[in-house]
Amino acid sequence: MIHSHVFLSWQFNLPTDTGVFTTRQVLQGNEPVREVYHERDGDWQFLCGTTFNTEDLKLVCLGCMVEVDPTIGELADMPPGWCGTRQARGEAWIQKPYDEGENETS
Ligand SMILES: [Zn+2]
């Protein structure tokens, strides 16, 4: 994670070295990013939607994520509590609020 990124245009209102979550399949180029979650606590997740195995969940920097798929920059303005989905790379993102159990008990 000790590296830097330089982008000609950077859409996110976050540093390029912000830690974000993605999946092994996305990093290996086997699957596109299909589900993007901007969590209410500010975390971002860029998931392929094909795995729910925690071993496949990887922490990477946001700059690396944009290099893997620059189209996620289209979601840079998406507010916390929202998710963006699409079926395939190249399709338009569909953004909507997601429900993560507002009555959860701890
Ligand atoms: Zn990076």
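What follows is a friendly chat about the protein chain shown above.

Reader: Hi! What kind of model is this?
Author: It is a predicted model, in which local features need pLDDT of at least 70, side-chain atom pairs count only at pLDDT 80 or more, and totals for chains, interfaces and linings use all residues. Residues are numbered from 1 along each chain as its sequence is written.

Reader: Thanks! How many helices and strands does the protein chain have?
Author: There are two helices and six strands. Both are DSSP runs numbered from the N terminus: helices are H or I with at least four residues, strands are E with at least two.

Reader: And which pattern do they follow along the sequence?
Author: The order is β-α-β-β-β-α-β-β. The radius of gyration is 14 Å, close to the 13 Å that the globule rule gives for 106 residues, so the chain is as compact as a globular protein of that length. That radius is taken over C-alpha atoms, and the rule is 2.2 Å times the number of residues to the power 0.38.

Reader: What else does β5 join?
Author: Four bridges also link β5 to β6 (residues 94–97), again antiparallel. Here Gly84 has Gln95 of β6 as its bridge partner.

Reader: New topic: what box do the C-alpha atoms fill?
Author: Taken along the principal axes, the box is roughly 40 × 30 × 30 Å.

Note on methods: Two strands pair if DSSP finds at least two bridges between them.
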